[in-house]
Amino acid sequence: MKLPVAELHIHLEGTLEPEAILRLAKQNGVTLPWPSLEQLRDQYDFSNLQSFLDLFYTNLAVLRTRADFHEITLAYLRRAEASGVRHVELFFDPQAHLERGIGLGEVIGGIREALREGEERFGITHKLIACFWRHAPAASAMEILRTLLAEGHQIDGIGLDSSELGYPPALFRAVFDYARDHGLHVVAHAGEEGPPEYIVQALDLLKVERIDHGIRCLEDEGLVRRLVSERMPLTVCPLSNVRLRTVDTLADHPLKEMLVRGLNVSIHSDDPAYFGGYLDANFEAVDRELGLTNAERATLARNSIESSFLEEPAKSRLC
Ligand code: HPA
Ligand code: ZN
């Protein structure tokens, strides 16, 4: 994949490769339920989003220090460069670290330092997005958001992730109002496992600028028309959808249909260390199974850059 692309849906903690998990566990004296690589790898067979999240949250316990966050961010950027990524908007879960007693300064300090270094070494520009857990109370998200802003931690936006079903976006309306009032960008996972109604809520109540996943929009004709007319970006993650069984196989993936319908879709990798590959692997798998035309490939790449929060003239330089 040689076209310049922006990676807009990537969870930093989802780039933790199994080897790195075991190495950091040893280094930091963390005991995991799976002591060998083989036993760890046996856990990567998911039945739905929650079964993945259970493993993902257990494994990220190995991240303890600012140096750990720096190391995994830089490792990701090195890998991203190889897959053609020119700009990244990186998600991280502040609650996953705060609840383990790791301070925001350690987490964000380590990530930011690596992002700056990555820009110098690999020429990859960046934004950083704090994702709040939808399975945790909105009051927790609000408290952390206020702290992030009051203490001057450098974030560019907020998102909403974790278990979707049973946690409608409406619960987080005040948090997103507060973020927008303070000049932050806003995105939310919606329509991955949750119904089209959650996408509508994310648009109407959270006033998001992008929908992460959003593939279930296809179940609601009126919503598809709206998303097309608003050119709302949908950050679709094909390998993730297969591994979390929101689609049966890649050959059944609706990406091509979404393109044909005129939706503003782009391809991303979500949690590449868990779902079988980085951005290049997602493009290659889609190409192999769905057969993209050159024009479709170019559209997907261009959509990713146009949907980014890059400022001009940097954005136009990449298109
Ligand atoms: N979906 C929801 N929450 C997440 C994901 C995901 O794919 N990855 C990390 N947190
Ligand atoms: Zn995601």
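Before the first click, one rule to carry along: a residue is called buried if 20 or more other C-beta atoms lie within 10 Å of its own, exposed if 12 or fewer, and partly exposed in between. Keep in mind too that this is a predicted model.

**Stop 1: the whole protein**

Zoom out and show the cartoon. You'll find 16 helices and 8 strands. Along the principal axes, the C-alpha atoms fill a box of roughly 50 × 40 × 40 Å. For 319 residues, a compact globule would have a radius of gyration near 20 Å, and the 18 Å of this protein agrees with that. Colour by burial if your viewer can do it: 46% of the 319 residues count as buried. Now think about how the chain meets itself. Taking contacts between residues at least 6 apart in sequence, 76% join residues at least 24 apart.

**Stop 2: the nonpolar core**

Which residues touch the most other members of the largest nonpolar core? Select Ile111, Ile129 and Ala202, and you have them; the core itself holds 90 residues. Strand E3, residues 125-133, gives the most to this core, with 6 residues.

Stay on Ile129 for a moment. Leaving out neighbours within four places in sequence, its contacts include Glu89, Leu90 and Phe91.

**Stop 3: ligand 1**

Next, select ligand 1 and show what surrounds it. Going up in residue number, the shell starts with His11, Gly14, Leu49 and Phe56, goes on with Asp161, Ser162, His189, Glu192 and Ser240, and ends with Asp270 and Asp271. What kinds of residues make up this shell? There are 2 nonpolar, 5 polar and 4 charged ones.

**Stop 4: the annotated positions**

Now highlight His9, His11, His189 and Asp270, which an unreviewed UniProt entry annotates as "binding site". They are spread over 262 residues of sequence, yet they cluster in space, with a largest C-alpha distance of 11.8 Å.

Click on His189 first. You'll find it in strand E5, residues 185-190. Is His189 buried or exposed? It has 28 other C-beta atoms within 10 Å, so it is buried. Beyond its neighbours within four places in sequence, His189 is in contact with Leu160, Asp161 and Glu164, as well as Asp212 and His213.

Then hop to Asp270, in the loop between E8 and H13. Asp270 is buried too, because 27 other C-beta atoms sit within 10 Å. Setting aside residues within four places in sequence, its contacts are His9, Ile10, His11, Gly14, Cys237, Ser240 and Phe275. Check its backbone as well: phi is positive at Asp270, about 65°, although this residue is not a glycine.

One step along is Asp271, which the unreviewed UniProt entry also gives as "binding site". Its loop runs between strand E8 (264-267) and helix H13 (272-275). With 24 other C-beta atoms within 10 Å, Asp271 is buried. Not counting residues up to four places away in sequence, Asp271 touches His11, Gly14, Phe56 and Ser240.

**Stop 5: Ala96**

Move on to helix H5, residues 94-98, where Ala96 is found. How many C-beta neighbours does Ala96 have inside 10 Å? The count is 20, so Ala96 counts as buried. Leaving aside residues up to four places away in sequence, Ala96 touches Glu13, Tyr57 and Leu60.

**Stop 6: two backbone details**

Select Arg245, in the loop between helix H11 (238-243) and helix H12 (255-260). Arg245 has a positive phi of about 60° although it is not a glycine. Arg245 is partly exposed, because it has 14 other C-beta atoms within 10 Å.

Pro313 sits in the loop between helix H15 (294-306) and helix H16 (314-318).

Key. Residues numbered from 1 in each chain as written. Chains lettered and ligands numbered in written order. Predicted model: local features only at pLDDT ≥ 70, side-chain atom pairs only at ≥ 80, totals over all residues. Core = buried A, V, L, I, M, F, W, Y, C linked by C-beta atoms within 7 Å. Helix = DSSP H or I, 4+ residues; strand = E, 2+ residues; numbered from the N terminus. Contact = placed C-beta atoms within 7 Å. Near = placed C-beta within 6 Å. Nonpolar A, V, L, I, M, F, W, Y, C, P; charged D, E, K, R; others polar. UniProt positions renumbered as here; feature names shortened; annotations may be inferred. Rg over C-alpha atoms; globule rule 2.2 N^0.38 Å.
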